[in-house]
Amino acid sequence: MKVRKLMMSAALMAVLPLAAQKESQVRLFPDQAKQSIPKEIYGQFAEHLGTCIYGGLWVGENSTIPNTDGYRNDVLQALKDLKIPVLRWPGGCFADEYHWMDGIGPKENRPRMVNNNWGGTVEDNSFGTHEFLNLCELLECEPYVSMNVGSGTVQETAQWVEYMTAEDGPMAKLRKQNGREKPWRVKYIGVGNESWGCGGNMRPEYYADLYRRYQTYCRNYDGNRLFKIASGSGEYDLHWTETMMKQARNQMDGLSLHYYTVAGWSGSKGSATDFTPEDYYWTMGKCLDIENCIKEHSAVMDKYDPKKRVALMVDEWGTWWDEEPGTIRGHLYQQNTMRDAFVAALSLNVFHKYTDRIKMANIAQIANVLQSMILTKDDKMVLTPSYYVFQMYNVHQDATYLPIEVQCENKQVRARMGQDGEQRTLPMLGATASKAQDGAVHISLSNVDLENSNEVTVDLSGLGMKSIAGRILTCKAITDKNTFEQPDVVKPADFKGAKLKNGKLTVKMPPMSIVALELR
Ligand code: AHR
């Protein structure tokens with residue numbers, strides 16, 4: 001009887017994975033540190049889409065929701081805490097149908113338009129250039145304005161730049177009449193968005209010429225220096241990158257890249273909250289594949305620009321799931337779980353590594369759309385697990401990147417959603433590190449393993465670190481999320497599982513955890 005029981009439990013153990021403690025080693029190479037992590041890697045994106053702007057950021061001055069000049073106070077404070085370096089606006093696809101002159105002047109005179117890309121919602125243009133640029137000033141972040149190449153004129157584009165940045169002249173006069181005396185400072189402009197798709201369905205050969213033409217008339221006024229960004233590839237369209245680099249590299253400062261962690265562009269993209277462990281591991285693999293995508297585009301750019309003058313701007317990235325049941329189709333409202341938090345952490349780790357070429361990244365999007373930082377419903381606000389990753393990671397902004405090597409267990413996971421054949425190797429530990437200007441070393445670790453804890457050792461000898469502080473973001477189930485009823489299910493807490501002895505750091509990470517450590 002005893003023997004049978006033993007045999008049965010042995011058989012069970014063979015099929016059921018047992019929780020165990022894994023071990024990983026991390027090595028830092030401070031002597032090889034040469035690049036800094038531009039703070040713009042932590043950029044955000046706000047499009048006129050669903051309730052991102054209206055309801056999410058902006059409620060208008062007459063709203064009963066507490067606001068400052070129309071911006072909701074709760075969101076404003078949460079975004080200030082996040083230290084946003086740059087905010088991209090007004091799209092996205094919306095940008096190529098947006099006519100900026102409809103969004104200036106007295107609100108009651110502003111014409112309405114149909115937001116054809118996003119659910120056919122009627123846009124009243126009450127949030128326009130002034131509202132956006134003033135918001136950037138409140139948040140102390142750089143504005144990144146996307147120009148309309150798809151359906152706008154060259155004159156419209158030229159005048160918009162003049163309106164925003166010139167001290168004097170006809171457009172400056174109009175701006176002053178609308179209540180803004182001094183020009184704003186606008187550094188980043190995008191000349192078209194997804195010009196291969198919603199931005200005009202163009203071929204790169206055609207768009208490259210159009211880009212050259214439109215950007216010519218975007219002038220530098222009165223000390224304002226524009227950083228011009230051309231519309232780039234979606235995922236792996238290397239021909240687009242090659243053509244743009246061949247035909248227009250001398251006219252651009254940056255070329256964009258869009259990469260979404262999405263199961264495919266047709267049919268269901270999968271639920272944001274109801275998913276299996278296999279779906280989760282697939283997501284981690286798809287998210288990490290951005291590294292390969294970046295390498296391939298960089299290799300093409302290197303051919304034409306070996307000195308890396310032209311930046312690669314990942315100005316849209318993040319998860320894209322099915323819209324939440326019961327929400328308006330086309331508004332791309334999705335919940336956000338601990339799975340999304342891992343996508344945020346692992347993607348930021350990759351961006352840190354390639355800052356020789358990548359100078360900006362903008363997660364899509366800031367509120368109520370796709371992988372949001374913030375969800376709002378009437379006067380309620382919830383911070384998502386992704387928000388907390390950005391908060392825990394913002395110490396890396398403008399710090400010196402410390403090259404890093406990770407030795408950990410790997411898992412073979414499905415390479416394509418729903419297909420068993422193809423596999424890819426997924427490391428169970430994600431890691432990144434940087435040194436701040438004040439000498440503090442920040443190490444961020446992700447144990448993506450759903451079952452196993454991980455004891456991570458980091459050799460810090462020679463760095464002279466004496467003290468350690470840490471925060472942890474973890475959960476009971478990977479599907480855990482914050483809701484309006486329960487807003488604090490996934491929230492960072494103090495972390496006491498790290499010990500420093502004789503230059504060796506030991507970190508005991510529970511399964512499904514993200515740990516941010518500060519060493520001094
Ligand atoms: O972020 C949502 C949409 O995704 C953007 O409008 C578009 O550029 C991309 O396809």
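Predicted model: local features only at pLDDT ≥ 70, side-chain atom pairs only at ≥ 80, totals over all residues.
Buried, in this talk, means under 20% relative accessible area.

Helix 8 covers residues 277–288, twelve residues. From its first C-alpha to its last it reaches 17 Å, close to the 16 Å expected at 1.5 Å a residue. How many of its twelve residues are buried? Nine, so the helix is mostly covered. They are Asp-279, Tyr-280, Tyr-281, Trp-282, Thr-283, Met-284, Gly-285, Lys-286 and Cys-287. As for what covers these buried residues, the list includes strand 11, helix 9, helix 10 at 338–353, strand 18 at 410–414 and strand 19 at 423–427.

Helix 9 is part of that cover, and it runs over residues 290–304. Its 15 residues should span 21 Å at 1.5 Å a residue, and the C-alpha atoms at its ends are 22 Å apart, which agrees. Its buried residues are Ile-290, Glu-291, Cys-293, Ile-294, His-297, Ser-298, Val-300, Met-301 and Tyr-304.

Eight strands close it in the order 2-5-8-9-10-11-12-13, and the pairing is parallel. From one strand to the next the twist averages 30°.

I will take strand 9 as the example, residues 188–191. Which of its residues point one way, and which the other? Tyr-188 and Gly-190 go one way, Ile-189 and Val-191 go the other, and all are buried. On one pairing, strand 8, residues 142–147, is joined to strand 9 by four bridges, and Met-147 stands opposite Val-191. Strand 9 also pairs with strand 10, residues 227–234, again in the parallel sense and over four bridges. There the partner of Tyr-188 is Phe-227.

Now the ligand. There are 13 residues around it, and those that come nearest are Glu-47, Cys-93, Glu-194, Tyr-260 and Glu-316. Which kind of atom does Cys-93 bring to the ligand, backbone or side chain? A polar backbone atom of Cys-93 is 2.8 Å from a ligand oxygen. With Tyr-260, an N or O atom in the side chain is 2.8 Å from an oxygen atom of the ligand. For Asn-193, again a side-chain N or O atom, the distance to a ligand oxygen is 3.0 Å.

Thr-432 is in strand 20, residues 429–435. Its relative accessibility is 0%, so it counts as buried. Setting aside residues up to four places away in sequence, it touches Asn-349, His-352, Tyr-393, His-396, Tyr-401, Ile-404, His-442, Ile-443 and Ser-444. With His-352 there is a polar contact, side chain to side chain, at 2.9 Å. Thr-432 and Gln-25 are 407 residues apart in sequence, but their C-alpha atoms are 13 Å apart in space.

The other is Thr-506, in strand 26, residues 504–509. Why does Thr-506 count as buried? Its relative accessible area is 19%, and the cut-off is under 20%. Apart from neighbours within four places in sequence, Thr-506 is in contact with Glu-455, Val-456, Thr-457, Gly-497, Ala-498 and Lys-499.

Note on methods. Residues numbered from 1 in each chain as written. Heavy atoms only, no water. Helix = DSSP H or I, 4+ residues; strand = E, 2+ residues; numbered from the N terminus. Buried < 20%, exposed > 50% of the residue type's maximum accessible area, 1.4 Å probe, protein only. Contact = heavy atoms within 4.5 Å. Polar contact = N/O pair within 3.5 Å; in protein donor to acceptor, adjacent residues only side chain to side chain. Expected span 1.5 Å × (residues − 1). Pairing = 2+ DSSP bridges. Axes fitted to C-alpha atoms, helices over the stretch in contact; angles between N-to-C directions. Near = heavy atom within 4 Å.
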